[in-house]
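Please take this structure step by step. Keep the sequence and the 3D view side by side as you read.

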Amino acid sequence: MKKINLLLVAAFLTFSLSAQEFGVRAGADFASLKLDFMGESETESETGFYIGVFGSFDISETFAIRPEVNYISIEDLDQIAIPVLAQYSTSDTFHILAGPSFGFMLDAEEGMNSFNFGLDFGLAYNFTENFAFEARYNLGLSNLIEDGDDFDAKLSGFIVGLAYSFN
């Protein structure tokens, strides 16, 4: 846990020193692990939480790049997720988010890959100047099983939460 706290503090300081906007985020994670074996499929679902930091770098008035560092805690599947999102603002309060997400499993068991790649798609709504509601889906694309020729396991999830911007 000390490593996680140190990583989040380092990311927060990096974002705060260089980003045009930076903040913190937290909420609930509704994860699904889809298992496929020789044509048979099974899905397991778990609920957890996430906390993280983000920065925003404006490219234009309506477009920004938003990197994040998030700690996601789900029973037996804790990870550090680093999405790099494109943020398109349709107004001052409504934003569309999409981009790749790089996940690093913290408690990968033997036979599991510790790297998880996916794509994030979501929306954010600023209900005040500093607070926003966020909803996002992460589509897991990596097989989490090493040497999984006949066996496939992919982790996806839906997250909802709040973000607070310090700018």
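Predicted model: local features only at pLDDT ≥ 70, side-chain atom pairs only at ≥ 80, totals over all residues.

Residues are numbered from 1 along each chain as its sequence is written, and side-chain values use heavy atoms, with hydrogens and water left out.

Start with the fold. Helices (H or I, at least four residues) and strands (E, at least two) are DSSP runs, numbered from the N terminus. Reading from that end, the order is α-β-β-β-β-β-β-β-β. The eight strands close into a barrel, in the order β1-β2-β3-β4-β5-β6-β7-β8, with antiparallel pairing. From one strand to the next, the twist averages 25°. Here axes are lines fitted to C-alpha atoms, for helices over the stretch in contact, and angles run from 0 to 180 degrees between N-to-C directions.

Now follow the strand pairs. Two strands count as paired if DSSP finds at least two bridges between them. β1 (residues 21–37) and β2 (residues 40–58) are antiparallel and share 17 bridges. Within this region, Ala31 stands opposite Glu46 of β2. Two residues separate β1 from β2 in a hairpin, and Met38 in the turn has a positive phi of about 50°. β2 also pairs with β3 (residues 63–73), again antiparallel, over eight bridges. Tyr50 has Ile72 of β3 as its bridge partner. This hairpin, β2 to β3, has four residues between its strands. Further along, 11 bridges join the antiparallel strands β5 and β6. There, Pro100 has Leu119 of β6 as its bridge partner.

What is packed away? Of the 167 residues, 41% count as buried. Buried means under 20% relative accessible area, exposed over 50%, and partly exposed in between (1.4 Å probe, protein chains only).

Take Ile74, in the loop between β3 and β4. Is Ile74 buried or exposed? Ile74 is buried because its relative accessible area is 3%. Beyond residues up to four places away in sequence, Ile74 touches Asp29, Ala31 and Glu46. Phe30 lies 44 residues from Ile74 in sequence, yet their C-alpha atoms are 8.6 Å apart.

Asn116 sits in strand β6. Asn116 counts as buried because its relative accessibility is 4%. Its contacts beyond four places in sequence include Gln79, Phe102, Ser142 and Leu155. Phe102 is 14 residues from Asn116 in sequence and 6.1 Å away, C-alpha to C-alpha.

The protein exposes about 9,100 Å², with carbon and sulfur atoms supplying 61%. Accessible areas come from the Shrake-Rupley method with a 1.4 Å probe; for residues, only the protein chains shown count as cover. A nonpolar patch of about 1,000 Å² includes Ile59, Phe63, Tyr88, Phe94, Tyr125 and Phe133. Patches are made of residues with over 30% relative accessible area and no salt bridge; like charges are joined within 9 Å, nonpolar side chains (Val, Leu, Ile, Met, Phe, Trp, Tyr) within 5 Å. A salt bridge is a side-chain nitrogen of Lys or Arg within 4 Å of a carboxyl oxygen of Asp or Glu. β5 (94–105), β6 (115–126) and β7 (131–140) each give the patch at least two residues. Tyr88 belongs to strand β4 (residues 79–89). Tyr88 counts as partly exposed because its relative accessibility is 43%.

Terms used
Contact = heavy atoms within 4.5 Å.
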